[in-house]
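Welcome to a short tour. Have your viewer open and your selection tool ready, and we will go from stop to stop.

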Amino acid sequence: MQLGAIEAGGTKFVLGIGNEQGEILEKIIIPTEHPDITVPKVIEFFQDKGIERLGLGGFGPIDINETSPTYGQLQRTPKTDWVNYPLGAKLKEALGVPVIIDTDVNVAAMSEAKWGNATDVDSCLYITVGTGIGAGAYFHGQTLKGLSHSEMGHIKVRRHPDDTYSGTCPYHGDCLEGIAAGPSLERRWGKKGHELADDQKVWKMEAYYLAQALTSYIYILSPERIIMGGGVMKQEQLFPLIRKNVLEMLNGYVSSPYLTEKEIDQYIVPPGLTDEAGVKGALYLAMQ
Ligand code: ADP
Ligand code: ZN
């Protein structure tokens with residue numbers, strides 16, 4: 001059976017054709033432009049490939065509630081051309097196949113569980129710290145869904161005493177995404193993330209914020225592994241700082257061998273997959 005897979009990101013769409021063994025047989029990448037430009041290209045690519053199902057991991061917010069009349073519709077995304085765009089319905093109508101939709105981060109969590117750094121556990125959380133902050137959860141074979149998807153990047157965290165920056169989130173100002181995603185680093189410190197590599201105070205503050213979020217996620221979800229990706233996490237120096245802060249903040253309250261100095265290096269980890277994580281995850285959605 002031929003299956004279609006889409007990783008729909010804010011800057012690019014990765015389109016793939018794969019099989020039920022999870023192999024990507026053909027792949028192209030197109031830029032994310034206005035939907036009237038991008039979506040016809042997507043349809044053209046899949047049209048004559050004989051796919052029977054299509055999986056899509058998308059940037060959000062996007063309606064992933066299968067019982068909703070607006071399933072697969074983009075919501076209040078900062079990419080304004082795409083607000084309320086019925087992506088799922090357009091593809092289903094044009095291609096005449098079922099379209100299975102989830103968020104990019106849920107799909108990344110699933111992909112890491114299947115092929116990446118969480119193959120040995122039954123639950124994991126995938127967090128991206130990039131242009132925005134988002135997290136996806138995969139527990140016992142299913143991604144986490146409710147009303148729609150969770151918005152773990154928009155929680156409140158306690159402000160660092162040295163931080164006076166007001167935050168970039170258009171909805172909440174100084175939510176986690178507003179004070180810890182890539183754009184907030186650039187506005188607070190006046191330089192891009194990679195140019196700040198040698199500035200210790202930047203990464204101490206960043207780790208203080210991300211560790212608070214992780215601590216809350218551990219309390220609420222109790223994942224067996226936490227995978228941290230996205231552009232900002234390319235600063236590998238963040239990992240030891242975050243791990244140390246998490247242990248201090250938990251203060252021994254949650255008992256697990258993973259949450260000890262000895263094993264936390266295997267608990268909070270970078271992604272195991274690189275290039276094909278999104279599109280392989282979307283293929284796995286189509287396989288289900
Ligand atoms: P997106 O979130 O749009 O998919 P990325 O995950 O690459 O894309 O995140 C982009 C953000 O990450 C930008 O704000 C950028 O400045 C920041 N970033 C990218 N590379 C690095 C790096 N090496 N160190 C710190 N920040 C980085
Ligand atoms: Zn917010």
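How much space lies in the second largest pocket? About 190 Å³, where a pocket is an open set of points on a 1 Å grid over the protein atoms alone, where a 1.4 Å probe fits, with protein on both sides within 12 Å along at least five of seven lines; the volume is the space filled by probe spheres set on the points, joined across faces, edges and corners.

Before selecting anything, note that this is a predicted model, in which local features need pLDDT of at least 70 and side-chain atom pairs pLDDT 80 or more, while totals for chains, interfaces and linings use all residues. Residues are numbered from 1 along each chain as its sequence is written, chains are lettered from A and ligands numbered from 1 in the order written, and side-chain values use heavy atoms, without hydrogens and water.

Stop 1: Colour the lining by class and you will find five nonpolar, four polar and four charged residues.

**Stop 2: ligand 1.** Now show Gly130, Thr131, Gly182, Pro183, Gly193, His194, Gly230, Gly231, Val232, Lys234 and Gln235, the residues around ligand 1 (a heavy atom within 4 Å). A polar side-chain atom of Thr131 lies 2.6 Å from a ligand oxygen, and a backbone N or O atom of Gly231 lies 2.8 Å from an oxygen of ligand 1. On Gln235, a side-chain N or O atom is 2.9 Å from a ligand nitrogen.

**Stop 3: a loop.** Finally, go to the loop between strand E4 (53–58) and helix H2 (87–95), where Pro61 sits. A cis peptide bond joins Gly60 to Pro61, with omega about -5°. Asn84 is in the loop between E4 and H2 too, and its phi is positive, near 65°.

Notes
Polar contact = N/O pair within 3.5 Å; in protein donor to acceptor, adjacent residues only side chain to side chain. 1 Å grid on protein atoms, 1.4 Å probe; cavity = no way out; pocket = protein on both sides within 12 Å on 5 of 7 lines; lining within 4 Å. Nonpolar A, V, L, I, M, F, W, Y, C, P; charged D, E, K, R; others polar. Helix = DSSP H or I, 4+ residues; strand = E, 2+ residues; numbered from the N terminus.
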